[in-house]
Amino acid sequence: MGTGGDRRRTPPYDMELGMAVSLAQQGDEDGFATAYRLVHPGLFGYLRGLVGDDAEDVASDAWLEIARDLGRFHGDGAGFRGWTATIARHRALDHLRKQRRRPRTSLIEQDVLELPGPADTVDAVLESMSTKWALGQLRELPPDQAEAVLLRVVVGLNGPAAARVLGKRPGAVRTAVYRGLKRLAGQLTSGTGPERASDAARGAVKDET
């Protein structure tokens with residue numbers, strides 16, 4: 001496991017999610033409902049970042065595929081989040097190809113947002129990354145950085161899992177997250193020197209091993 005910010009961004013409900021998925025695979029409707037409740041807000045926020053107002057339709061298609069292929073999934077709660085994010089991303093990219101436009105970040109659904117708090121380092125950006133302000137700034141990032149930050153912060157994936165979803169090397173995803181968070185920190189903090197912000201970001205986005 002990673003240190004620092006990685007622990008803060010790891011959802012505490014993965015054990016419950018893993019149990020719910022196991023029950024759902026046995027045909028338990030309540031198990032599937034629980035898995036949906038735990039995963040959908042982050043997944044929907046991720047899709048809002050990719051396809052904007054079309055997220056509801058894309059999410060519906062993704063969940064139909066998730067339900068259809070649930071028996072093929074093997075893993076724990078964290079693995080399920082990565083698996084569902086991969087499916088959602090594929091459906092989003094299919095949608096964008098049909099629309100003939102590139103992925104872009106958009107407003108994040110309100111139910112995954114929290115009120116912002118004071119911050120003065122990149123570590124603090126990580127603490128408040130689920131705030132309306134911070135997620136609203138993702139639209140200003142390059143698409144690769146925005147999507148990497150969405151997967152790490154909104155969906156809650158660790159570095160290697162996010163890399164698998166994106167089909168990239170963990171180092172490339174780590175760099176994208178680092179650059180994205182550093183840029184957000186620069187917008188959030190007016191008095192923090194670049195060296196201090198850089199050191200904080202480097203520790204905060206260190207990949208899990």
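This is a predicted model: local features need pLDDT of at least 70, side-chain atom pairs count only at pLDDT 80 or more; totals for chains, interfaces and linings use all residues.
**View 1. Phe-32, Tyr-36 and Trp-63 form one aromatic cluster.** Five aromatic pairs are counted here. In one of them, the rings of Phe-32 and Trp-63 sit with centres 5.9 Å apart and planes at 80°, so they meet edge-to-face. Helix α3 holds Phe-32 and helix α4 holds Trp-63, so this pair ties together parts 31 residues apart in sequence.

**View 2. Tyr-36 and Trp-63 make a tilted aromatic pair.** Look for ring centres 4.8 Å apart, with 55° between the planes. Tyr-36 belongs to helix α3 and Trp-63 to helix α4, so the pair ties together parts that are 27 residues apart in sequence.

View 3. Trp-63 is buried, at 8% relative accessible area, because the cut-off for buried is under 20%. Phe-32, with 26% relative accessibility, is partly exposed. Tyr-36 is partly exposed as well, at 34%.

**View 4. The largest nonpolar core has 49 residues.** Within this core, Phe-80, Leu-151 and Leu-157 touch the most other members. Helices α2, α3, α4, α5, α8, α9 and α10 each supply at least two of the core's residues. The most come from α3 (29-51), which gives nine. As a general pattern, nonpolar side chains in soluble globular proteins tend to be buried together.

**View 5. Here is Phe-80 with its contacts from beyond its neighbours within four places in sequence.** On that basis, Phe-80 is in contact with Leu-17, Val-21, Ala-35, Val-39, Ile-66, Leu-70 and Phe-73.

Notes. Residues are numbered from 1 along each chain as its sequence is written. Side-chain values use heavy atoms; hydrogens and water are left out. A nonpolar core is a set of buried Ala, Val, Leu, Ile, Met, Phe, Trp, Tyr and Cys residues joined through side-chain atoms within 4.5 Å. Buried means under 20% relative accessible area, exposed over 50%, partly exposed in between (1.4 Å probe, protein chains only). Helices (H or I, at least four residues) and strands (E, at least two) are DSSP runs, numbered from the N terminus. Contact means heavy atoms within 4.5 Å. Rings of Phe, Tyr and Trp (its six-membered ring) pair if their centres lie within 6.5 Å; planes under 30 degrees apart count as stacked, over 60 as edge-to-face and the rest as tilted.
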